[in-house]
Amino acid sequence: MQSNDARILRGAAVVAAPVGVVATVVSTLVAGGKGLIGALVAVTVVAVFFGLGFAALMRLTQDKPQVTMMAGMLVYTVQMLLIGVFIIVFSGTTLFNSRAFALTLLVTALAWVGGQVRHSLTSKMLYVDPVPSAPANEPAHTGKSELRDET
C-alpha cells in the first residue's frame, strides 16, 4: 500500500469513527442494550466491509492503474449490495434493534465514504509518475545538429 493510500484509509476511519461512536451512544440511549448491540454490529460491518473493499481496490489496481475507476466503482457497488443484503437479512432479528443497526450502518457508511472523498480530494497526489525527459548529468538536446562540417 502506498503512503497516499494509507492516508486516505486513515482519513476515512478518522471521520467515520466519531460518527460511529455518536451513533452508538444515541442508539444506546434510545433503544437500550439491544440498540447498543445493533450499533456495535453496524460499526463493525462498516469497518470490515469498507476496510476490505479498500484493500481489494488497492490489490486490483496495484499493477494496473488504468483500471482504477472501473475497479473503484465495482468495489463500491459490491459494498453497497452486501450492506443492503446484510440489512435485509438482519431486519427481523431479535438479537439487536434492527432500526438502530440500520441507521448506525447508514450514517457510519456515509461518513466513511465522505472521509475517503475528502481525503482523496485534499491530498497532494501525482496523477502521473514524473520521468525526466533528459538524464540529469547530460545537457538536454536542443534539436540542432552538433556535428558540423568545417570544410
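## Exercises on a helix pair and its core

Phe90 is partly exposed, as its relative accessible area is 27%. Keep in mind as you work that this is a predicted model.

**Exercise 1.** Work out where Phe90 is found and which residues Phe90 touches, not counting residues up to four places away in sequence.

*Solution.* Start with the chain: Phe90 sits in the loop between H2 and H3. Next, look for contacts: with residues up to four places away in sequence set aside, Phe90 touches Phe96 and Ser98. Finally, compare Phe90 with Phe101: they are 11 residues apart in sequence, and their C-alpha atoms are 8.9 Å apart in space.

**Exercise 2.** Decide how helix H2 and helix H3 run relative to each other, and which residues make their contact.

*Solution.* Two packed helices are described by the angle between their axes and the distance between the axes. Here, the axes of H2 (residues 68-89) and H3 (residues 98-122) come within 11 Å and cross at roughly 170°. Angles over 145 degrees count as roughly antiparallel, so H2 is roughly antiparallel to H3. The crossing of H2 and H3 is right-handed. On the H2 side, the contact is made by Tyr76, Ile83, Phe86 and Ile87, and on the H3 side by Phe101, Leu105 and Val113. Sorted by class, this contact has seven nonpolar, no polar and no charged residues.

**Exercise 3.** Find which members of the largest nonpolar core touch the most other members.

*Solution.* This core has 14 residues, and Val46, Phe50, Phe101, Leu105 and Trp112 touch the most other members. Helix H1 (3-61) and H3 each supply at least two residues of the core. Apart from this core lies another, of six residues, including Ile8 and Leu57.

How values were computed: Residues numbered from 1 in each chain as written. Predicted model: local features only at pLDDT ≥ 70, side-chain atom pairs only at ≥ 80, totals over all residues. Heavy atoms only, no water. Axes fitted to C-alpha atoms, helices over the stretch in contact; angles between N-to-C directions. Parallel < 35°, antiparallel > 145°, perpendicular 65-115°, else oblique. Left-handed = near helix turned anticlockwise from the far one by under 90°. Contact = heavy atoms within 4.5 Å. Nonpolar A, V, L, I, M, F, W, Y, C, P; charged D, E, K, R; others polar. Core = buried A, V, L, I, M, F, W, Y, C linked by side-chain atoms within 4.5 Å. Buried < 20%, exposed > 50% of the residue type's maximum accessible area, 1.4 Å probe, protein only.
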